[in-house]
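Please examine the structure shown below, together with its sequence. The briefing that follows is arranged by topic.

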Amino acid sequence: MRILRLATILACLIGASPAQAVQPNEMLADTGLEARARDLSAELRCMVCQNQSIDDSDATLARDIRVLIRQRIVKGESNTQIRDFLVSRYGDFILLKPPFKPETLLLWFGAPLVLALGALWIVLGRSRRPTAAPALSAEEEARLAAIQRGE
Amino acid sequence: MIVEIGHYALTLALALALIQAIVPLWGARLRDESLGAVATPAALGQFAAVAASFAALVYAHLDSDFSVANVAENSHSAMPTIYKISGVWGNHEGSMLLWVLILAAFGALVAAFGRGLPAMLRANVLAVQGLISIAFLLFILMTSNPFARLDPAPFEGHDLNPVLQDLGLAIHPPMLYLGYVGFSIVFSFAAAALIEGRIDAAWARFVRPFALVAWCFLTLGIAMGSYWAYYTLGWGGFWFWDPVENASLMPWLAGTAFVHSVAVMEKRDALKVWTIFLAILAFSFSLLGTFLVRSGVLTSVHAFASDPQRGVFILLILALFIGGSLILFALRAPLLRQGGLFAPISREGALVLNNLFLTTTCAGVFLGTLYPLALEQFTGEKITVGAPFFNLTCGVLLLILCFLVPIGQSLAWKRGDLHGVAQRLTLAALIGLASAVALAAITEGGPVLAPIAAGLALYIVIGSLSELAARIWRPGLSAGVLVARARALPLSAWGGALAHIGVGVTLLGLAASAFGSEVIATTRMGEARHVGPYEVTMDSVTSRAGPNYQDLVAKATIRSDGIVVASIEPAKRSFTTRQMTTSQAGIATLWFGQIYAAIGDQGPDGSIAVRLYWKPLVTLIWLGACIMALGGGLCLADRRLRFGAPAPARARPPIGAPATS
């Protein structure tokens with residue numbers, strides 16, 4: 001199945017000159033600012049790829065956003081400001097980590113809910129189950145007696 | 001002509017699959033064992049027919065017969081032979097044929113070596129396997145014919161997708177499919193048990209080898225795919241939590257839960273209903289993965305088969321098999337008698353907890369993968385669920401599970417002694433805790449989760465080893481007796497411990513990735529760059545011609561304190577036919593870590609953009625997976641699991657009697 005993933009990444013390349021993930025010439029001289037840019041890039045999705053961050057993507061669109069982030073960082077904007085700007089422009093789709101909101105509650109709490117329900121089910125199942133083997137019914141007793149008598 | 005024979009053989013296979021499915025099921029209704037026996041030759045015949053069909057397609061690819069559309073679209077006469085062969089499954093139609101081949105092969109395995117199975121069970125297993133074959137053979141014949149001809153035939157092929165021209169394609173998909181499709185036989189066993197309304201420890205003993213084979217291959221297949229992506233993509237990522245990967249992870253999680261719960265069932269005759277459910281779940285996720293990947297629902301830029309007709313067809317298969325088996329489950333499961341009682345603190349209890357965490361993780365992956373699709377369907381809103389989400393939810397769940405692994409392994413069956421286990425694991429826990437604290441102190445201000453994960457990894461490895469030691473070592477015994485005791489330990493005990501050690505090793509590799517370093521810089525020839533404990537010097541950049549591509553190769557030398565330790569040749573490969581470029585990373589393995597280099601564009605002054613990474617202990621990630629699979633293999637080699645072993649066939653106890661080992 002990995003083939004398909006790779007093929008998708010290739011699809012990002014089609015039509016674009018083979019740009020690559022973060023290039024030296026895009027990077028900022030100030031290491032502190034650059035580190036911020038890298039951290040931000042890792043949280044943002046390359047819009048034309050499959051679940052790849054723009055930091056890792058080879059697509060030209062990813063490159064444009066990387067450059068844009070760095071321009072805004074240099075201008076002195078905070079990470080939140082830049083993220084908000086990108087979300088206003090591209091929607092939540094660009095965030096690799098979906099935001100908390102009513103529509104995503106089930107997504108965020110789905111797994112813990114399954115865990116809790118599963119645990120509950122196990123506990124209830126145990127308490128319902130007899131801890132010793134059930135006693136024989138009257139009919140079984142009769143059959144057992146019959147067998148013992150050698151019938 | 002051979003191509004037409006291949007096509008015909010596929011049709012023949014469909015006919016045989018129909019016989020394989022319908023006659024035994026009819027026989028089961030009439031309680032006629034002779035009708036059930038028809039399944040065996042039908043399954044063998046079906047496998048032979050599919051194998052012939054597959055061989056014909058391989059032949060067409062090797063022969064570069066461009067009058068076959070599949071060959072023309074995915075091959076090139078100048079391609080090396082190995083890629084001509086692997087190109088057979090490097091496309092939708094061919095990979096589907098491989099899928100069906102493996103499906104038929106597992107059926108044939110049961111038919112050929114299943115003499116020890118009760119006749120009715122074997123007939124029903126083969127019938128269900130035949131039903132799956134029918135569905136997928138129909139799918140291939142109706143929507144994805146690999147033998148379609150082109151007229152006029154082109155003189156040259158379009159070449160195989162460049163990224164796929166790699167040894168990875170030769171190994172990864174067959175392994176992954178062996179895993180995916182291997183769970184089909186587990187599913188068939190579950191369905192057969194439900195049809196009969198009878199399930200016991202013997203059933204678990206029959207199904208366990210198949211589940212282990214499938215699990216081992218799936219583990220290796222996923223690891224291989226991960227390593228392939230790592231060295232191909234040019235920046236050293238190895239897991240992306242993207243839907244296609246998740247599609248392979250879900251059956252793995254469900255399958256891992258299954259091989260654990262089936263062990264409980266075999267030993268203690270407990271967890272029957274749950275084990276059956278997991279069997280259905282594991283294969284359902286395999287089917288779901290097939291659907292997600294081939295239907296085009298995931299993404300619009302998918303390069304693989306986005307034909308809506310195919311999507312609807314697979315969705316039908318999906319609904320039929322998952323829905324059908326769940327209905328069967330709902331009807332029959334209440335009839336299955338629960339056996340084997342156990343205290344909450346026991347090996348069984350620990351395995352229940354293991355199952356809870358694995359299935360919850362599986363549910364988390366499932367939600368994260370499908371939620372965006374569902375949300376877009378219902379509200380039109382598009383969101384992305386990426387790595388940060390999965391790391392936070394599934395990652396944490398798996399870490400908790402890792403903490404429980406050695407504890408569960410050390411608990412006794414029926415009623416365990418938590419206090420004794422704590423004593424046995426004290427050493428492992430102390431070493432783990434000490435390393436975590438030490439690592440956190442050394443890398444102060446660094447990543448938080450990584451030292452915890454590293455400590456946990458050591459705790460698992462040492463905990464598994466000390467569990468083995470506790471079973472072998474007794475004070476005052478001579479070396480010879482200890483060796484004898486070690487040899488007397490069942491192979492499955494070694495296998496289980498080894499698989500858990502593998503988990504620890506992989507976890508250690510993952511934790512270490514947080515301590516890597518990277519340099520991204522434009523570099524002149526002769527200029528040295530420090531990365532991690534090494535320095536890398538670029539020596540030259542040259543051009544080199546391959547059979548169907550052109551390489552731009554950089555030569556670089558890696559030194560440690562001025563001494564040359566390795567040289568690497570990262571390259572950029574341009575394929576002429578498809579006008580595409582791929583990155584060929586230069587990788588040097590130094591102990592368990594790797595220096596990873598990828599090159600970018602060349603500047604006018606002869607300098608070149610280089611991405612250099614130091615990835616400490618990175619190979620442990622895949623090595624751990626290999627150890628896990630090896631552990632699974634050891635369990636498989638255990639005497640009592642040897643499938644179709646001749647001895648028990650004669651003196652088999654009546655079905656329903658407790659299994660003897």
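**Chain A and the basis of the model**

Among contacts in chain A between residues at least 6 apart in sequence, 59% join residues at least 24 apart; two residues are in contact if their C-beta atoms, placed from the backbone, lie within 7 Å. This is a predicted model, in which local features need pLDDT of at least 70, side-chain atom pairs count only at pLDDT 80 or more, and totals for chains, interfaces and linings use all residues. Residues are numbered from 1 along each chain as its sequence is written, while chains are lettered from A and ligands numbered from 1 in the order in which they are written.

- Chain A contains 6 helices and 0 strands; helices (H or I, at least four residues) and strands (E, at least two) are DSSP runs, numbered from the N terminus.
- Of the 151 residues in chain A, 33% are buried. A residue is buried if 20 or more other C-beta atoms lie within 10 Å of its own, exposed if 12 or fewer, and partly exposed in between, with C-beta atoms placed from the backbone.

**The sheet of chain B**

- In chain B, 4 strands form an open antiparallel sheet in the order β1-β10-β9-β8; two strands pair if DSSP finds at least two bridges between them.
- Strands β1 (517-523) and β8 (586-590) of chain B stand at the edges with a single partner strand each, so one side of each has no neighbour in the sheet.
- Neighbouring strands of this sheet are turned by 15° against each other on average, direction ignored; the axes are lines fitted to C-alpha atoms, and angles run from 0 to 180 degrees between N-to-C directions.
- Strands of a sheet pair through backbone hydrogen bonds, either parallel or antiparallel.

**Strand β10 and its partners**

- Strand β10 (residues 608-615) of chain B pairs with strand β9 (residues 593-602) of chain B in the antiparallel sense over 7 bridges.
- Opposite Y596(B) stands Y613(B) in β10(B), and opposite Q594(B) stands K615(B) in β10(B).
- The hairpin of β9(B) and β10(B) has 5 residues between the strands, and G606(B) takes a positive phi near 90° there.
- β10(B) also pairs with β1(B), in the antiparallel sense over 7 bridges; R611(B) in β10(B) is the bridge partner of I520(B).
- Because 7 of its 8 residues are buried, β10(B) is largely enclosed by the rest of the structure.

**Nonpolar cores of chain B**

- The largest nonpolar core has 238 residues, of which V100(B), V186(B), F189(B) and A279(B) touch the most other members. A nonpolar core is a set of buried Ala, Val, Leu, Ile, Met, Phe, Trp, Tyr and Cys residues joined through C-beta atoms within 7 Å.
- Helix α9 (residues 201-232) of chain B supplies the largest share of this core, 23 residues.
- Not counting residues up to four places away in sequence, V186(B) touches several residues, including V207(B), F210(B), F258(B) and A279(B).
- Another core, of 6 residues, lies apart from the largest one, and M79(B) and L160(B) are among its members.

**A helix and a loop residue in chain B**

- Helix α6 (residues 92-113) of chain B has 22 residues and should span 32 Å at 1.5 Å a residue, which agrees with the 32 Å between its end C-alpha atoms; the expected span is 1.5 Å times one less than the number of residues.
- α6(B) is mostly covered, with 19 of its 22 residues buried.
- D269(B) is placed in the loop between α10 (243-268) and α11 (272-295) of chain B.
- D269(B) counts as buried because it has 20 C-beta neighbours inside 10 Å.
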